[in-house]
Amino acid sequence: MKNVKIQEIFDYLYEHLTPERIEHSYNVAALAIKLAYKNNTDVLKAQIAGLLHDCAKYMTGKELVDFFNKYDRKITYKYFKKTSKFLPHLLHSFGGGVIAKEKFKIEDKDILNAIKNHTQGRRNMSTLEKIIFVADSISDDRKLNYVKRLQELAKKDLEKTFFEVLRKKVEYIIKQRTYILQQIVDTWNWYVSKNK
Ligand SMILES: [Fe+2]
Ligand SMILES: [Fe+2]
């Protein structure tokens with residue numbers, strides 16, 4: 001991780017993101033560091049992934065679709081078609097991973113996967129991926145009523161918290177009656193079958 005320059009990451013965040021989004025990124029990084037430490041995972045990787053997870057969030061849905069179409073970046077994202085059609089803003093996750101790799105020269109697969117899968121997850125996620133997925137949903141700036149409870153749970157049991165966060169996400173999508181992406185369905189089904 002020695003080649004990653006934290007100063008450059010901060011400069012990038014300040015140039016591209018709103019003050020609220022920067023604040024959120026700090027909170028996610030701070031919580032990710034705590035969870036990484038507790039779960040014997042690299043805290044520096046957690047910090048980098050936390051700071052960068054929303055680094056593509058400055059783009060609109062349409063800009064994200066264009067970003068993927070340019071240079072054929074879409075071929076690496078198997079859910080691209082449906083995501084761009086129904087929920088293009090969610091491309092910021094996978095797009096963030098592309099920026100982390102191309103702009104910050106991050107080669108570490110675990111960091112890249114943690115950024116790419118922070119909204120929809122995937123099967124068999126690593127500890128770092130689960131940490132970023134969880135931290136993004138229950139960071140201090142999140143106003144939902146279950147945040148404090150899940151922050152407490154996360155201190156004791158990352159696995160349980162991860163499944164709770166995933167369940168809340170799926171529940172929210174159904175409640176909102178919005179399109180449900182195959183990616184989160186695949187994540188959900190994988191973890192449900194694993195827990196059986
Ligand atoms: Fe995000
Ligand atoms: Fe986020």
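These legends describe close-up views of a predicted model.

**View 1. The largest nonpolar core.** This core has 38 residues. Ala-32, Ala-49, Ile-131, Val-134 and Ala-135 have the most contacts inside it. Eight elements are named here as each supplying at least two core residues: helix 2 (19–38), helix 3 (43–52), helix 4 (61–69), helix 6 (91–102), helix 7 (109–116), helix 8 (127–137), helix 9 (147–156) and helix 10 (158–176). In soluble globular proteins, nonpolar side chains tend to be buried together.

**View 2. Ala-49 and its contacts.** Ala-49 is among the core residues with the most contacts inside the core. Leaving aside residues up to four places away in sequence, Ala-49 touches Ala-32, Ile-111, Ala-114, Ile-115, Leu-128 and Ile-132. Ala-32 is also on the list of residues with the most core contacts.

**View 3. Helix 3 packed against helix 8.** Two packed helices are described by the angle between their axes and the distance between the axes. For helix 3 and helix 8, the angle is about 45 degrees and the axes are 10 Å apart. Angles from 65 to 115 degrees count as roughly perpendicular and those under 35 as roughly parallel, so helix 3 and helix 8 are oblique to each other. Helix 3 passes helix 8 in a right-handed crossing. On the helix 3 side, the contact is made by Lys-45, Ala-46, Ala-49 and Gly-50. Helix 8 contributes Leu-128, Ile-131, Ile-132 and Ala-135. By class, the contact holds six nonpolar residues, one polar and one charged.

**View 4. Asp-141 in the loop between helix 8 and helix 9.** Asp-141 sits in this loop. Asp-141 counts as partly exposed because 13 C-beta neighbours lie inside 10 Å; exposed would require 12 or fewer, and buried 20 or more. Asp-141 touches Glu-23, His-24 and Asn-27, not counting residues up to four places away in sequence. Lys-196 is 55 residues from Asp-141 along the chain, and their C-alpha atoms are separated by 34 Å.

**View 5. Asn-40, with a positive phi.** Asn-40 lies in the loop between helix 2 and helix 3. Phi of Asn-40 is near 50 degrees, a positive value in a residue other than glycine. Asn-40 is exposed, because 8 other C-beta atoms lie within 10 Å.

**View 6. Arg-177, with a positive phi.** The loop between helix 10 and helix 11 (182–195) holds Arg-177. Phi of this non-glycine residue, Arg-177, is positive, near 55 degrees. Arg-177 has 7 C-beta neighbours inside 10 Å and therefore counts as exposed.

Technical notes:
Residues numbered from 1 in each chain as written. Chains lettered and ligands numbered in written order. Predicted model: local features only at pLDDT ≥ 70, side-chain atom pairs only at ≥ 80, totals over all residues. Core = buried A, V, L, I, M, F, W, Y, C linked by C-beta atoms within 7 Å. Helix = DSSP H or I, 4+ residues; strand = E, 2+ residues; numbered from the N terminus. Contact = placed C-beta atoms within 7 Å. Axes fitted to C-alpha atoms, helices over the stretch in contact; angles between N-to-C directions. Parallel < 35°, antiparallel > 145°, perpendicular 65-115°, else oblique. Left-handed = near helix turned anticlockwise from the far one by under 90°. Nonpolar A, V, L, I, M, F, W, Y, C, P; charged D, E, K, R; others polar.
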